[in-house]
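Here is a short tour of the model you have open, arranged by topic. Keep the 3D view handy as you read.

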Amino acid sequence: MKAQLFQVDAFADKPFEGNPAAVVPLDAWPEDATLQAIAVENNLAETAFFSPENGGFRLRWFTPTVEVDLCGHATLATAHVIFTRFGCAAPSIYFETRSGRLTVKREGNILAMDFPAAAAKPMPEPEGLARALGAKAIVYAKTSHILALFGSAAEVAALAPDFSALKQVLIAQGNAGLICTAPADQGSGYDFVSRFFAPAHGIDEDPVTGSAHCTSVPYWAKKLGRSDLTARQISKRGGTLWCTDAGERVIIRGRCVDYLNGEIEI
């Protein structure tokens with residue numbers, strides 16, 4: 001059978017910025033092996049699949065190697081597709097996912113995602129991490145991801161990991177992703193910057209990672225003493241996220257840009 005496929009640049013103001021995600025609407029769910037094969041073929045950080053369910057939608061995310069529990073940019077892209085391509089006039093929609101119910105609301109031309117917060121706990125420096133990164137962080141903390149704090153945005157921008165070595169370190173840490181973060185430069189308009197590495201999930205560097213901000217926003221909100229924060233992920237593509245620490249939840253906001261609309265055979 002045929003299915004539509006949309007490719008959307010999430011956390012972007014123009015094409016070739018932010019993080020590209022594929023979005024595939026479904027009427028019925030094929031076998032998981034088929035979903036994984038489509039994600040492999042797309043070869044993007046994430047392919048999102050959704051179908052209507054009980055007034056909302058069921059949403060699942062696949063990297064080229066594995067199904068994941070939570071993905072921010074592909075959720076943002078999926079909501080964008082539903083609002084703009086399927087004539088949804090509602091002010092908000094919700095998704096049932098492996099991470100519970102996720103709500104996305106319109107806020108003008110920005111979409112706001114309501115995600116679970118993940119408070120990071122201090123941890124010792126993981127064995128081999130500094131060697132794999134080629135740099136030593138000031139602080140290490142962990143949720144399902146490892147957060148590594150550096151002293152400046154320039155240090156984070158200069159990181160050039162040995163991805164083979166980094167993969168082994170992160171596998172030893174339970175297939176974690178790695179958030180490398182630092183205070184933004186004064187006058188930049190941002191509160192903090194980050195980069196995100198997930199070679200254990202088949203993604204060496206993710207361009208803009210909504211789910212990582214479930215960890216970094218509570219961390220920086222506590223460190224800076226305020227709940228509303230503007231974040232910049234300083235990958236090569238780059239992207240901006242407007243975030244709010246809401247206690248047990250994190251609000252992550254961004255814009256999307258359409259890249260292509262096609263059709264695939266399943």
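Ala 112 sits in strand S8, which covers residues 110-116. In this predicted model, Ala 112 has a relative accessible area of 4%, so the residue counts as buried.

**Around Ala 112**
- Beyond its neighbours within four places in sequence, Ala 112 is in contact with Thr 103, Val 104, Lys 105 and Glu 107, and also with Ile 251, Ile 252 and Arg 253.
- Ile 138 lies 26 residues from Ala 112 along the chain, and their C-alpha atoms are 32 Å apart.

**The nonpolar cores**
- The largest nonpolar core has 45 residues, and those touching the most other members are Phe 11, Trp 61, Ile 93, Phe 95 and Ile 252.
- Helix H2, residues 72-85, gives the most to this core, with seven residues.
- A second, separate core of 23 residues includes Ala 137, Ile 146, Val 156 and Ala 182.

**Around Arg 195**
- Strand S13, residues 192-198, holds Arg 195.
- Arg 195 is buried, because its relative accessible area is 9%, under the 20% cut-off.
- The Arg 195 side chain makes a polar contact with the side chain of Glu 205 at 2.8 Å.
- A polar atom of the Arg 195 side chain also lies 2.9 Å from the backbone oxygen of Val 156.
- Not counting residues up to four places away in sequence, Arg 195 touches a set of residues that includes Ala 157, Leu 178, Cys 180, Gln 233 and Ser 235.

Technical notes:
Residues numbered from 1 in each chain as written. Predicted model: local features only at pLDDT ≥ 70, side-chain atom pairs only at ≥ 80, totals over all residues. Heavy atoms only, no water. Helix = DSSP H or I, 4+ residues; strand = E, 2+ residues; numbered from the N terminus. Buried < 20%, exposed > 50% of the residue type's maximum accessible area, 1.4 Å probe, protein only. Polar contact = N/O pair within 3.5 Å; in protein donor to acceptor, adjacent residues only side chain to side chain. Contact = heavy atoms within 4.5 Å. Core = buried A, V, L, I, M, F, W, Y, C linked by side-chain atoms within 4.5 Å.
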